[in-house]
Structures are given as structure tokens and as C-alpha cells.
Amino acid sequence: MATPFPPGRATALPALLGICLLQSTAAAQQSAPATPAPPTRAQTPPPGAAAAQAGAADDPAGAAAQPAAEAPAIDPLFSPRRPARRGGFTAGIAGGLSLGSAAGYPNDVQKIGFQRHYTETGVGIGGGGYLWLGGVLADWLTFGGAVGGHALSAADHAILAGGFMFHTEVFPLFSLGDRWRDVGVILDAGTGVAYTTADADSDTDAIDGALPARIGGGVFYEGIRLWKVSMGPWLYADYTWSTSVRQPGFYLGWRTALYTEP
């Protein structure tokens with residue numbers, strides 16, 4: 001009959017086996033190769049972001065100026081600009097040959113409308129012109145005041161008309177450039193005087209317009225330039241009227257204007 005293990009040895013044997021098993025497992029783990037970590041997937045930038053980053057790297061100045069380009073643009077109508085053809089103040093003179101006539105009555109309510117006091121001079125010839133002073137509102141627009149008129153001789157009568165007028169000059173073809181910038185149109189309106197006397201009695205007015213209305217208009221070309229002075233031909237007509245006078249005038253002559261700018 002086999003002799004059993006003593007009680008102390010029977011208890012230590014399982015513990016010894018457990019220690020051996022743990023040492024074998026640890027050695028196996030140390031000798032096994034390490035498992036590589038899965039590769040990390042790179043983040044792909046949006047298509048537009050790559051292009052924007054490349055453009056900013058190539059042109060840093062443009063990238064810095066990008067916010068300024070987004071600012072609201074100034075309306076060109078109100079933006080300051082240097083005059084290209086005319087600016088500042090203007091003054092001028094125009095004069096030449098004049099033709100005209102007069103018809104009407106003395107400035108007397110007891111004579112106006114009565115045939116025996118009516119006078120008609122026929123066509124007279126003489127000279128006339130205008131002086132003006134104003135400001136240039138734009139390359140194609142000036143405005144100011146003018147004085148002038150005409151003096152004519154018709155058969156046995158002397159004709160005189162003149163006064164003050166608001167003077168406007170427009171250059172409607174300015175946008176076409178070149179010589180068209182110097183083609184202008186005149187528009188005038190105002191008041192003045194109109195007298196006609198007979199050669200036989202120069203102390204008595206055969207026609208007196210009192211304070212008549214006056215309008216005028218014409219065309220001109222000022223393409224001849226010398227320093228700040230512009231010159232050219234001038235064609236003009238005016239008309240003077242009231243209850244006692246009807247007096248047209250036609251002018252053909254030369255016009256000279258001074259512009260302080262440019």
C-alpha cells in the first residue's frame with residue numbers, strides 16, 4: 001500500500017504548478033511580435049480650400065487686400081474728378097455782324113394798338129454781341145449772366161435792343177470726344193430795353209418796348225485754343241417782345257472764352 005503525501009507537501013504542489021504556468025505565459029507574451037496600429041486616414045481638405053491656400057501663398061499682398069476689394073464702390077456721379085476740357089470760372093465775349101428789324105408803338109397806352117402810331121422799320125444791318133461771366137458746373141455745362149444786344153440802321157430808323165440775360169452753355173456732344181467736345185449750344189433768357197427812333201426826330205421814340213422780355217439761342221465752336229482761351233465761330237439769334245414791340249435779331253461772328261481750369 002502506497003504511502004500518501006504528507007499534508008504539507010500536498011498543499012504546496014498546486015501552488016508550485018500555478019507559478020510555473022504564470023511564468024510560461026509571461027515568457028510567451030514577451031517573445032510574440034507587436035501588432036502594428038492601423039494607419040490613420042489623412043483628412044482631405046475641401047476642393048476650394050486648397051486653391052485658396054495656394055493663391056494666398058503665391059500672392060500674399062492680394063490676400064491682404066481681399067477685404068478692401070469687398071468695400072462698396074463710390075458712385076462715379078459723385079466722385080471728384082479733374083476737368084478734362086473746361087472748369088473753374090469762365091468769362092467771354094462774342095460779337096459780329098447783326099441783322100434785324102423792329103415793329104411796334106411808343107410806350108403810351110393812348111397810342112398802343114392804333115395804326116397811326118404803328119412803326120415797322122424793315123430789315124436793318126449793324127453789329128451786336130454779348131459779354132458773359134459764370135461758372136463751369138461740368139465739362140459739358142456752364143451757367144452765368146450775360147449783357148449785350150445789337151444796334152442797327154434800317155432805312156430812316158435807328159434800332160437798339162439789349163439787356164441782361166441768364167446765360168447757359170451746353171456741350172451735348174462732349175461724350176463723343178475729339179473735336180465734338182468743343183461744339184456748344186447757347187440758351188439765354190432775361191429782360192432789357194428796346195428803342196427805335198426816326199432819323200427825322202431822334203428825340204422821340206417811334207418804338208419803345210419799356211421793359212421787354214428777351215430770349216436767345218445759338219450754336220458755336222471753340223476748338224481753337226491758346227493757353228486757357230478757346231475761340232471759334234458763333235451763330236446766334238435773339239427775340240425781344242412786349243405789348244409795344246416785336247424785335248428779332250440775328251448774329252454771325254466770333255466767340256472767345258476764358259476758362260480758369262484745367
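User: In this predicted model, are R255 and E169 buried or exposed?

Analyst: Burial is read from relative accessible area, and a residue under 20% counts as buried. In this predicted model, R255 is buried, and E169 is too.

User: What do the side chains of R255 and E169 form?

Analyst: A salt bridge is read from the distance between a side-chain nitrogen and a carboxyl oxygen, with a cut-off of 4 Å. The side chains of R255 and E169 meet in a salt bridge, at 2.7 Å from N to O. R255 belongs to strand β12 (residues 245–261) and E169 to strand β6, so this pair ties together parts that lie 86 residues apart in sequence.

User: Which residue forms a salt bridge with D182?

Analyst: The partner of D182 is R85, and their closest N and O atoms are 2.7 Å apart. This pair links distant parts of the chain: D182 sits in the loop between β6 (157–170) and β7 (183–198), while R85 sits in the loop between α3 (60–69) and β1, 97 residues apart.

User: Why do D182 and R85 count as buried?

Analyst: Compare each value with the 20% cut-off. D182 counts as buried because its relative accessibility is 4%. R85 counts as buried because its relative accessibility is 1%.

User: Where do D238 and R214 lie?

Analyst: Start with the contact, then place its ends. The side chains of D238 and R214 meet in a salt bridge of 3.2 Å, N to O. D238 lies in strand β11 (residues 229–242) and R214 in strand β9 (residues 213–221), so the pair ties together parts 24 residues apart in sequence. Both residues, D238 and R214, are buried.

User: Which residues do salt bridges that share partners join into one network?

Analyst: Pairs are chained through the residues they share. Here R85, R86, E169, D182, E222 and R255 are joined into one network. The search of the whole structure finds six salt bridges.

User: Next, the pocket. What volume does the largest pocket have, and which residues line it?

Analyst: Read the volume first, then the lining. The largest pocket has a volume of about 210 Å³. Its lining consists of R81, R82, P83, R86, G87, G88, V136, L137, A138, D139, W140 and F174.

User: How do the lining residues divide by type, and which element gives the most?

Analyst: Sort the lining by residue class, then by element. Six of the lining residues are nonpolar, two polar and four charged. β1 (87–100) and β4 (124–138) each supply at least two lining residues. β4 gives the most, with three residues.

Technical notes:
Residues are numbered from 1 along each chain as its sequence is written. This is a predicted model: local features need pLDDT of at least 70, side-chain atom pairs count only at pLDDT 80 or more; totals for chains, interfaces and linings use all residues. Side-chain values use heavy atoms; hydrogens and water are left out. On a 1 Å grid over the protein atoms alone, a cavity is a set of points where a 1.4 Å probe fits but cannot get out, and a pocket is an open set with protein on both sides within 12 Å along at least five of seven lines; lining residues have an atom within 4 Å of a point. Grid points are joined across faces, edges and corners, and a volume is the space filled by probe spheres set on the points. Helices (H or I, at least four residues) and strands (E, at least two) are DSSP runs, numbered from the N terminus. Ala, Val, Leu, Ile, Met, Phe, Trp, Tyr, Cys and Pro count as nonpolar, Asp, Glu, Lys and Arg as charged, and the others, Gly among them, as polar. Buried means under 20% relative accessible area, exposed over 50%, partly exposed in between (1.4 Å probe, protein chains only).
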